[in-house]
Amino acid sequence: MNKIHAAITAVNGYVPDYVLTNHELETMVETNDEWITTRTGIKERRILKGEGLATSDMAVHAVEGLLKKRGISADEIELIIFCTTTPDMPFPATANILGDKIGAKNAWGFDLQAACSGFIFGLATGAQFIESGKHSKVLVVGGDKMSSIINYKDRATCIIFGDGCGAVLLEPNEEGYGVIDSVLKSDGAGRSFLHMKAGGSLKPASHETVDAGEHFAYQEGQAVFKFAVTNMADVAAEVMERNNLESEDIAWLVPHQANKRIIDATANRTGVSADKVIVNIERYGNTTNGTIPLCLWEWESKFNKGDNLILAAFGGGFTWGSIYLKWAY
Ligand code: UT7
C-alpha cells in the first residue's frame, strides 16, 4: 500500500465587511499612512463589528462555504482543530462551539494555541490523524478576532492586526499529494516580547488589570521583528533543503502576513521570485491564525495539481515553522 498523505481537498475563508484603513487609524493614534505602508506593507484591515460576534462566527462562514464547495455535510467531519489566539471564551474550546454551530455532531475537537504559527502547527497536527489512518476528514481552522485584544490607543500594535478566518479540509491521499514534511519550533524564552499580561492563571482578571490595559496584546515590535525575519526564513529554507527542493521547484511560497519586510526576507532567503510569493497583507494586515488559510483561499484558483507549496510562519511564544505540501487538486 502507498503511504497515506494528508491532502487539502477544500479551502475557504471569511473576512468581515468593515474596512479599517490607515487613514482612519490616523484619526485614532499618532501615525500616518506613509509610515504604516513603508514599515509594514499594510493599507487596510478588516474588523468584526457587531454585538455578540466572536471568532467562531467568522469560522461558521468559512466552514459552511468549505463544506458546500466539497459537497459534504457537517456530520461527516471527524475532528476539528481550531487554531486561535482569540477563542470565544477561555473555555470551552472554540472548536466545540464551532462544531455545535455548524452541526458537526460526529466530530471531536480542540483548540490549538501557537499564536501566529498556530495554523502551521494545526495543519501538521491534523495531518498526523490522517496519515495514521485514525481519521479521514479533519477540519483545520485558523482564525482570530484580533480586534478583541488590541488597544486602539497603542500605535505599536493597532496598525498591524486585523480580523479574519480560513479553513481547510484534510483527507487521505495515496497518490503522493498533500502534506509532505514539516519543521516546527518553539522557544518559550521569547514570551516576554509578545504576550498578553493578564487574564491567565498567573494574573487573573481584576479591576487593576483592566485599568492597566493588561488584557491587550503586548508586543516589543523591534525584538520580535529581529527573530521573525531570520527564523521564518531559516525554517522555510530548511524544509526545502531537506526535501531537495530548489527555488525553481516551488510554485508558491505562502508566508504568514505579519510584515511585508519579513515576507520579503523569506522570499530572498529561499530564492523564490516575487511573482510566486503570496501576499495579501495590504488588504487584511496580520490576522494571526487566519493569514495562511486566507492566502490559500484567495489563490486557490491559481494552484495546479502537483504544485509544490512552502508555508512558513513566525509568532508569539516564540513559535515558528514551515510545511512543504503538494497541492492535490
Ligand atoms: O505576527 C506575529 C509576530 N509579529 C511580528 O512579526 C511583528 C514584527 N515587528 C514589526 O513588524 C515591526 O517591529 C513593527 C511594524 C511593529 C514596528 O516597526 P519598526 O520598524 O520596528 O519600528 P520601531 O518600533 O523601531 O519604531 C521606529 C520609529 C520610532 O520612532 P523613533 O524612536 O525612531 O523616533 C517609533 O516611535 O517609528 C515610531 N513608530 C511609529 N510612527 C508612526 C512606531 N509605531 C509607529 C506608528 N506610526 N504606528
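**Notebook: pockets and a sheet**

I started with the second largest pocket: α2 (33-40), α6 (155-158), α8 (221-242), α9 (260-270) and β12 (308-315) each give at least two residues to its lining. Helices (H or I, at least four residues) and strands (E, at least two) are DSSP runs, numbered from the N terminus. α8 supplies the largest share, six residues.

A note on the model: it is predicted, so I kept in mind that local features need pLDDT of at least 70 and side-chain atom pairs pLDDT 80 or more, while totals for chains, interfaces and linings use all residues. Residues are numbered from 1 along each chain as its sequence is written, and side-chain values use heavy atoms, with hydrogens and water left out.

I checked what a pocket is: on a 1 Å grid over the protein atoms alone, it is an open set of points where a 1.4 Å probe fits, with protein on both sides within 12 Å along at least five of seven lines; lining residues have an atom within 4 Å of a point.

Which residues lie nearest the centre of the second largest pocket? I found Ala 156, Ile 160, Gln 219, Gly 221 and Asn 259, out of 28 lining residues.

Next came the largest pocket, with 37 lining residues; closest to its centre are Thr 85, Pro 87, Gln 113, Ile 149 and Met 196. β9 gives the largest share of that lining, three residues.

Last, I looked at the sheet. Five strands form an open one, ordered β1-β7-β6-β4-β5, with mixed pairing; strands pair if DSSP finds at least two bridges between them. The edge strands are β1 (5-14) and β5 (108-112).
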